[in-house]
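Let's take a friendly walk through this model, one region at a time. Keep the structure open beside you as you read.

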Amino acid sequence: MSGRTRWPRIFVPAASVLIVLVVYACLVVTGVLWPNRLFASGYTVRGVDVSSYQGEIDWRVLASEDLDFAYIKATEGSSYVDSRFEENWAGAAASGLKIGAYHFLSFESAGIDQLKHLVDTVPVDGDLPIAVDLEFYGRFFDEHPTTSAVRAILDPLLTGIKEHYGYDAVIYATPEAYDEYVRGAYDENPIWIRSVIGPANLPDERDWTFWQYSNRDRLRGYRGDEPFVDMNVFAGTAAELSGLTRR
């Protein structure tokens with residue numbers, strides 16, 4: 001008899017826990033809940049990064065979502081220009097947000113060629129430093145380029161950005177890319193780290209400047225193929241954010 005009555009008593013709480021976990025997972029997947037929002041809530045300067053995937057953006061509406069800055073995809077490699085860069089650049093500037101452009105680094109073209117493409121596309125009047133997006137893509141998820149090969153591309157690009165724009169570029173990196181290519185180097189460049197699961201911590205105990213804490217937020221103001229938008233915080237005040245481009 002005791003064996004027959006024990007199973008329902010065990011099953012009910014186990015089933016309840018499973019239901020709670022499933023509901024929680026669904027809320028996370030749909031962006032309703034995101035664990036990192038609690039950790040990021042201590043930082044008051046917030047911003048988004050966008051590309052053509054967000055589609056048409058009403059920057060007046062998006063800027064009203066408690067935002068201070070926006071990074072806008074401009075270029076990739078030595079020839080690609082984001083199809084909505086000029087539109088987003090003008091719209092974000094008119095909205096009153098601090099704006100900056102980012103360049104997606106290609107492992108397949110020379111840094112000097114990527115630099116020329118970037119400076120031909122992005123004006124010098126941005127409020128924030130140019131950001132260089134360093135992450136794996138395509139076949140490079142499995143075949144990581146060597147550190148020397150990546151730095152041979154990245155070094156002249158960063159040098160040229162400083163010479164042309166007058167300040168050090170921000171380096172955006174995933175934890176894996178940071179560990180392989182940035183760790184222990186590029187001390188003058190502000191770091192923008194992606195850490196969407198837990199708090200941001202760099203393996204060399206360096207301080208980060210920007211933290212991408214979520215890739216599944218939903219805000220008002222855009223209509224595109226991608227329903228979510230990346231959220232970021234700045235490790236400082238609004239005045240310190242403006243100071244990043246002081247020459």
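## Starting at Val48

Val48 sits in strand S1; strands here are DSSP runs of E with at least two residues, helices are runs of H or I with at least four residues, and both are numbered from the N terminus. This is a predicted model, in which local features need pLDDT of at least 70 and side-chain atom pairs count only at pLDDT 80 or more, while totals for chains, interfaces and linings use all residues. Residues are numbered from 1 along each chain as its sequence is written, and side-chain values use heavy atoms, with hydrogens and water left out.

With 0% relative accessibility, Val48 counts as buried (buried is under 20% relative accessible area, exposed is over 50%, and partly exposed is in between, using a 1.4 Å probe and protein chains only). Setting aside neighbours within four places in sequence, Val48 has contacts that include Leu62, Leu67, Phe69, Tyr71, Val229 and Met231 (contact means heavy atoms within 4.5 Å). The C-alpha atoms of Val48 and Tyr71 are 6.3 Å apart, although 23 residues separate the two along the chain.

## The nonpolar cores

In soluble globular proteins, nonpolar side chains tend to be buried together. A nonpolar core here is a set of buried Ala, Val, Leu, Ile, Met, Phe, Trp, Tyr and Cys residues joined through side-chain atoms within 4.5 Å. The largest one has 58 residues, and Val48, Trp59, Val122, Leu134 and Ile161 touch the most other members. Helix H6 (residues 147–165) gives the most to this core, with seven residues. Another core, of twelve residues, lies apart from it and has Tyr71, Tyr172, Trp192 and Leu241 among its members.

Beyond its neighbours within four places in sequence, Leu134 is in contact with residues including Leu105, Phe107, Val150, Leu154, Tyr172 and Val182.

## Aromatic pairs

How many aromatic pairs does the structure hold? There are 19 aromatic pairs, where rings of Phe, Tyr and Trp (its six-membered ring) pair if their centres lie within 6.5 Å; planes under 30 degrees apart count as stacked, over 60 as edge-to-face and the rest as tilted. Tyr43 and Trp211 form an edge-to-face pair, at 6.3 Å centre to centre with 85° between the planes. Tyr43 is in the loop between helix H2 (36–40) and strand S1 (45–50) and Trp211 is in strand S9 (residues 210–217), so this pair ties together parts that are 168 residues apart in sequence. Tyr43 is partly exposed at 30% relative accessibility, whereas Trp211 is buried at 2%.

Phe104 and Tyr137 have ring centres 5.6 Å apart and planes at 65°, so they too are edge-to-face. This pair links distant parts of the chain, with Phe104 in strand S5 (residues 98–104) and Tyr137 in the loop between strand S6 (131–134) and H6. Both residues, Phe104 and Tyr137, are buried. Phe69, Tyr71, Tyr172, Trp192, Phe210 and Phe234 make up one aromatic cluster.

## Two loop residues with positive phi

Asp66 has a positive phi of about 55° although it is not a glycine. Asp66 lies in the loop between helix H3 (59–63) and strand S3 (69–76) and is exposed, with a relative accessible area of 52%.

Tyr186 also is not a glycine and has a positive phi of about 55°. Its place is the loop between helix H7 (175–182) and strand S8 (191–194), and Tyr186 is buried, with a relative accessible area of 15%.
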